[in-house]
Amino acid sequence: MFARTTPWPLVALFTAGYLAPYLLPTTVGRLDSGLPLTATQAGAVGSALLLSSATAGFLLASRVERVGARGLARLGLALAVLGYGTAALTGSVPAVVAGAVVGGFGSGTATTVAATRIAAERDPHRASTLGLLSVSALAAAVYLTVPHLGSGHGLPLAAIALTALAVWPLTGRLPGPTRDVTAGHDRAPAPHRRSGLVLAAAMVCWSLAQNSLWGVSGRIGLEQAGLGETALGAVLAAALGAGLVGVLAAGALGARLGRAVPVGAGTVLIAGCIALTASATGPASFTAGEIAWNALYPVVLSYLIGLAASLDPRGRWAVLVGSASSLGTAAGPLTGSVLSAQAGFGGMGLVLGAGLLLVAAPMTAVAVHTGGRPLLPGAVRRRGGHAAAVVAAQTGTPSGAVPEVGAHEQPVVEIAVEAPAVPDQDAYGTAPGAL
């Protein structure tokens with residue numbers, strides 16, 4: 001099913017870095033029930049974990065090439081094992097908080113390396129889809145297994161630490177420091193700065209809306225939809241299964257629709273699912289909303305990750321956008337609690353849905369402007385990975401240079417030349433949509 005060139009070390013590193021956010025609901029819930037913490041305090045610990053993860057991304061986004069992917073990945077995994085392992089084995093609240101912060105920085109470091117290297121892949125969307133599939137499957141397994149192992153606060157934290165430990169041997173296949181990176185190249189600003197900033201700002205709001213609902217989904221099911229704890233667990237398990245199906249669908253769809261349609265239309269559909277779930281007053285509507293939402297969320301996320309990766313072949317925008325997403329995720333539980341307390345669950349859903357509709361427009365615009373076009377017809381990529389300027393063999397086929405690997409679908413710049421055109425080039429036109 002998968003080619004021999006599949007970047008499995010990056011997929012594994014992606015899984016180790018993303019597992020902590022995926023397990024945040026059960027982690028926070030067990031901190032609340034297993035330690036002398038209130039629900040608000042437990043949520044604050046989860047937010048501190050995600051903020052630490054986002055900080056790692058902001059600090060390390062431009063340093064992966066210089067320091068080396070292998071060394072940074074090992075550092076991140078070591079911090080994750082140390083931090084989460086310590087938090088899992090101790091009952092001291094200060095030690096748990098410190099361990100969560102250290103582990104979060106380790107998760108963010110691993111995610112930074114994975115995002116940077118995935119951006120340099122021939123097909124970053126495919127690599128990110130495999131990563132989401134892997135982390136979704138592992139998170140689902142943890143959600144189904146942990147309840148049968150006990151009620152301690154340390155079980156989900158131990159699962160994250162053990163995953164980081166298992167991924168460690170695969171880091172040997174990652175590259176070391178890049179010796180030939182010049183100072184000027186290393187300090188060069190990331191391309192598509194305006195598009196990257198717009199996408200990062202939109203991702204804060206996009207992720208905040210998702211995690212605001214996720215943080216109060218249990219309360220909606222129990223208090224408003226009338227589900228018992230056993231039925232609620234079954235619904236959430238089914239929703240996670242739908243997420244796996246969604247990731248597989250994203251991988252099968254690939255680039256057939258570009259990125260603009262999945263990002264824009266998918267976000268609009270997610271807004272509707274959030275409004276439906278938040279306003280559910282019975283088991284059927286709540287179940288339908290949760291399953292539909294969890295099926296769509298990873299699909300759109302995979303395209304957003306691919307879009308961020310396409311903005312810069314060195315992966316800086318992929319890391320910064322991912323870190324911005326972590327900021328929104330960290331603020332989600334608190335936002336959901338405040339909105340539901342002030343406006344009720346239904347009002348919260350309407351506010352979150354309206355916010356998603358607003359951010360859908362700029363995200364779609366970025367996708368259209370920088371990543372919405374397929375590769376130019378007639379463009380051929382060399383197996384060695386370097387760009388090759390290839391002119392189409394047939395008359396009338398647009399010509400253009402092939403983008404660098406990892407910088408898929410970059411805009412083609414039309415340059416006016418005052419010298420008369422060579423007669424035998426008259427048959428060739430400029431690339432359509434050139435910026």
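Let's start with helix H1 (residues 8–22) and helix H8 (residues 154–167), which pack at an angle of about 165 degrees with their axes 9 Å apart. That makes H1 roughly antiparallel to H8, a label for angles over 145 degrees. The axes are lines fitted to C-alpha atoms over the stretch in contact, and angles run from 0 to 180 degrees between N-to-C directions. The helices themselves are DSSP runs (H or I, at least four residues), numbered from the N terminus. H1 and H8 cross in a left-handed way, meaning that the near helix is turned anticlockwise from the far one by less than a right angle.

A quick note on the model: it is predicted, so local features need pLDDT of at least 70 and side-chain atom pairs count only at pLDDT 80 or more, while totals for chains, interfaces and linings use all residues. Residues are numbered from 1 along each chain as its sequence is written, and side-chain values use heavy atoms, leaving out hydrogens and water.

H8 also packs with helix H5 (residues 69–89), at an angle of about 155 degrees and with axes 8 Å apart. H5 and H8 are therefore roughly antiparallel to each other, and their crossing is left-handed.

Now look at Ile220 in helix H10 (residues 193–224). Is Ile220 buried or exposed? Ile220 is buried, with a relative accessible area of 0%; buried means under 20%, exposed over 50%, and partly exposed in between (1.4 Å probe, protein chains only). The C-alpha atoms of Ile220 and Gly346 are separated by 9.6 Å, though these residues sit 126 apart along the chain.

Leu327, in helix H14 (residues 316–371), is partly exposed at 32% relative accessible area.

Terms used: Helix = DSSP H or I, 4+ residues; strand = E, 2+ residues; numbered from the N terminus. Parallel < 35°, antiparallel > 145°, perpendicular 65-115°, else oblique.
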